[in-house]
Each structure stands twice: as C-alpha cells, then as structure tokens.
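Please open the model in a viewer and keep the selection panel at hand.

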Amino acid sequence: MYVSELDLRDFRSWRELHVDLEPGVTVFSGRNGHGKTNIVEAVRYTSMLGSHRVATDAPLIHSGASDARVSATTVNEGRALTTHVLIKASGANQAQINRTRLKSARELLGVLRTVMFSPEDLRLVNGEPGDRRRFLDALAAVRTPRHGGVKADYDKVLRQRNALLRSQNMALRRGYGDAAGAGALSTLDAWDAQLARYGAQLLAGRLLLVDALSDPITESYASVAPESRAASVEYTSTLDRAVLELTGEASRDPQVLEAAMLSELGRRRKEEIERGSTLVGPHRDDLVLMLGQQPAKGYASHGETWSFALSLHLAEYRLLAGEGTDPVLILDDVFAELDAKRRERLVHVAESAEQVLITAAVGDDLPGNLDGAVTARYHVRMEEGVSHIERA
C-alpha cells in the first residue's frame with residue numbers, strides 16, 4: 001500500500017499543495033514550523049479522520065478559510081482509489097471516494113492504513129487516559145470501521161445524558177414522588193439503555209483489540225529495550241466489578257457487558273445525579289501500561305518511556321501488516337529523539353514497509369543505513385505564513 005498523490009487546499013500552512021509520491025522512502029526536510037509535518041499530518045488524517053497533534057479539526061483549517069480539503073490517491077495491490085475529505089469549520093465534514101459522495105466521512109476508514117511515530121507519542125505513556133483511549137479507538141476503527149460509528153453514537157448519547165443530569169438536576173433529586181422528577185427519571189432510563197448498548201459494543205471492540213496487541217507489545221518492547229523490565233498492558237474498566245459479579249470472569253460478550261453497564265449505572269445513579277456527570281462507561285476507562293510490577297506512567301525513565309511508545313506503534317504496525325498489505329509508515333521528526341538502538345529497531349521496520357514518509361529538520365537526522373533507501377527528497381520552506389515545496 002502506498003500514496004501516489006496528495007493534494008491539499010487551505011490545510012494548516014498550505015494554501016495549495018500537489019505532490020506525486022512513490023513507493024520507498026520519501027523525505028520532507030525543512031526548518032521547524034515551516035510545514036513539513038503538516039504534509040504527513042494530512043496523510044494521517046486521511047487514514048484516521050483525526051490529527052495526532054490536536055483533538056479537534058478547527059486548527060487544521062488555514063487562517064481565514066472556511067474549510068480545508070485533503071485528497072489522496074492510495075494504491076493497494078494495483079488498485080487506485082482517490083479519497084477526498086472536506087474539513088469544515090462548522091458542520092459535518094464531507095467525503096468522497098473517486099466521484100462518489102459518501103453519507104459519512106467515516107466510510108473513508110480502511111482505504112488507507114498508516115502507522116505514525118511522532119514526538120507526541122510520549123503522551124501515550126505519560127499522558128492522560130484519554131490519550132490512550134484515542135489510540136485504541138483510532139486503531140480499532142481502521143481495522144473495523146463500524147467501531148468509529150459506535151464511538152460517535154456513544155459520544156452523542158453521553159453528551160445528551162450529561163446535559164440531562166445537569167439541567168434537570170433538581171427534578172432528578174426529587175425522584176418519582178414528583179411529576180417533574182418522574183419525567184426526568186424516565187428520560188434518564190431511556191438514555192441509560194442507549195448508553196449501555198453503545199458502551200458495550202465500544203468496550204468489546206477495545207478489549208478484543210487489547211487482546212490482539214498484548215503479546216506484540218511485550219515482544220516489541222523486549223526487542224527495543226532488552227535490558228529493561230518486561231512490559232505488559234491491561235485494560236481497566238469501570239465495569240470490571242459488575243462483569244465479575246455477573247459471570248465470575250472477564251468477558252468480551254457485548255450482551256454481558258451491556259447487562260453489567262446497566263447494573264452499574266443503576267448502582268451509581270444517586271452519585272451521578274449528585275455530581276451531575278456520567279461516572280460509568282468506556283469514557284472513564286484506561287489502558288494501563290506496566291513495566292514489571294509498576295505502572296510506566298510516573299515510574300518509567302525517559303528512555304523507557306520512548307521504548308514503550310515505540311512498542312505500541314510497532315505492535316500496531318505488526319497487527320495491521322498481518323491482516324493484509326503493509327500500512328504506510330510515517331516517521332515525523334523522531335530520529336533526532338532516539339538513541340542508536342531505538343533508531344536501529346525503527347529502521348528495521350522501515351526497511352520492510354512499501355512506503356515510508358519521513359520528516360526531518362536536517363538530513364543528518366536520518367540513520368546512515370536508511371539514507372541509501374531514499375527515493376525522493378523534498379525541501380519545505382515558508383514565506384509570509386504560507387508553505388512551499390520543491391524537489392531537492
């Protein structure tokens with residue numbers, strides 16, 4: 001799998017960009033802040049429908065523009081598909097594959113698969129649980145596009161349920177003995193049912209993904225940092241206790257998870273009403289990263305943190321490659337951050353990929369054994385706030 005063409009309009013610092021790409025290693029070099037990362041961010045956005053740098057789409061649109069467009073042609077086993085996504089400042093984004101307009105941009109998921117390594121990866125280890133949940137959900141949606149739709153439905157119901165807990169707080173506190181309270185509680189029951197249904201599906205998808213990633217993460221970490229403690233991952237959920245009470249063991253069955261979530265929502269209803277917030281569900285879960293018997297967050301050294309972050313993506317790459325064609329590998333300003341051993345492990349993966357896109361401030365940041373594999377180099381510069389590109 002590789003990207004053969006990339007077109008941008010009003011994306012970040014790019015008013016316009018057209019670049020022809022080919023299999024092999026392509027390097028984008030230039031001073032920091034001049035727009036080279038914006039190019040690979042656009043490729044990543046096409047794959048994941050999200051940025052690795054920001055949580056919302058608004059910063060992706062060039063200052064003064066109302067929308068941005070990213071078009072990419074992906075070649076997979078000889079078949080070329082061109083995807084177009086219109087990123088809007090307000091309202092839903094629009095998408096096409098070739099000339100066909102899609103009902104939802106999520107239908108683009110799966111056309112292009114990418115794995116990205118970037119300095120932001122450290123957040124996967126030392127950041128908040130939301131960073132790790134986003135990692136899981138993004139990868140799950142690429143493997144099973146329906147997961148992205150379930151996540152969107154869950155988030156929508158969660159927002160509406162939280163709004164009810166806040167806006168009808170006094171009525172909910174009065175309970176069934178009051179007409180307004182009875183009505184509010186009835187509405188809350190309806191939201192509980194929907195939240196449990198979507199939450200169970202979302203949780204099941206995450207748990208199955210963690211099952212598939214667990215061994216590859218442990219093995220990848222051992223290869224990157226053989227002198228360190230053993231790495232492992234464990235998914236912790238607000239439903240763990242309720243599932244054990246129902247079945248006596250862990251479960252990935254959506255029906256079991258739905259029943260457990262309804263039970264836990266009932267058990268904690270009074271607390272949720274008092275706090276005006278939903279305390280149960282996948283939005284409160286975490287992927288716990290362990291080194292030996294200690295959590296990596298707060299106990300890992302800087303080198304161990306980098307090793308764990310690399311291991312997560314090495315496992316991601318191994319998982320996607322094992323399901324078909326190799327994903328496009330994106331290395332965004334990471335070589336300057338890594339020591340010789342970690343560079344060597346990353347280069348080993350890059351050598352096996354059909355296409356590798358690399359950004360680097362200077363050419364010296366590239367390992368010598370990868371430099372000879374470069375098939376194209378581009379230099380990026382900025383003039384008056386707008387990025388420009390030329391082939392080196």
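**The largest pocket**

Begin by selecting helices H1 (36-48), H2 (122-126), H3 (129-143), H4 (146-167), H6 (179-224) and H10 (302-321): each of these supplies at least two residues of the lining of the largest pocket. The model is a predicted one. Within this selection, colour H3 separately, for H3 gives the most to the lining of the largest pocket, with nine residues.

To centre the view, select Leu 49, Gly 50, Ala 55, Arg 134 and Lys 151, which lie nearest the centre of the largest pocket among the 49 residues that line it. The space in this pocket amounts to about 1700 Å³. Colouring its lining by residue class gives 20 nonpolar, 12 polar and 17 charged residues.

**The second largest pocket**

Next, move to the second largest pocket, which holds about 230 Å³ of space. Select Leu 207, Tyr 235, Asp 240, Ala 250 and Arg 252, the closest to its centre of the 15 residues that line this pocket. Then display H6, strand E9 (231-236) and helix H7 (240-247), each of which supplies at least two residues of the lining. H6 gives the most here, with four residues; H6 also supplies at least two residues of the lining of the largest pocket. By class, the lining of the second largest pocket divides into nine nonpolar, two polar and four charged residues.

**The cavity**

How many cavities of 30 Å³ or more does a search of the whole structure find? The search finds one. The volume of the largest cavity is about 50 Å³. Select Asp 333, Val 334, Phe 335, Thr 359 and Ala 360, which lie nearest its centre among the 10 lining residues. The lining of the largest cavity comprises seven nonpolar, one polar and two charged residues.

**The N-terminal hairpin**

Select strand E1 (residues 2-11) and strand E2 (residues 14-20), which pair in the antiparallel sense over six bridges. For one of the paired positions, show Glu 5 together with Asp 20, its bridge partner in E2. Then inspect the two residues between the strands of this hairpin, where Arg 12 takes a positive phi near 55 degrees.

**The annotated span**

Finally, select residues 2-360, which an unreviewed UniProt entry annotates as "domain: RecF/RecN/SMC N-terminal". The end C-alpha atoms of this span lie 20 Å apart, and the span is 47% helix and 22% strand.

Technical notes:
Residues numbered from 1 in each chain as written. Predicted model: local features only at pLDDT ≥ 70, side-chain atom pairs only at ≥ 80, totals over all residues. Heavy atoms only, no water. Pairing = 2+ DSSP bridges. 1 Å grid on protein atoms, 1.4 Å probe; cavity = no way out; pocket = protein on both sides within 12 Å on 5 of 7 lines; lining within 4 Å. Points joined across faces, edges and corners; volume = space filled by probe spheres on them. Nonpolar A, V, L, I, M, F, W, Y, C, P; charged D, E, K, R; others polar. UniProt positions renumbered as here; feature names shortened; annotations may be inferred.
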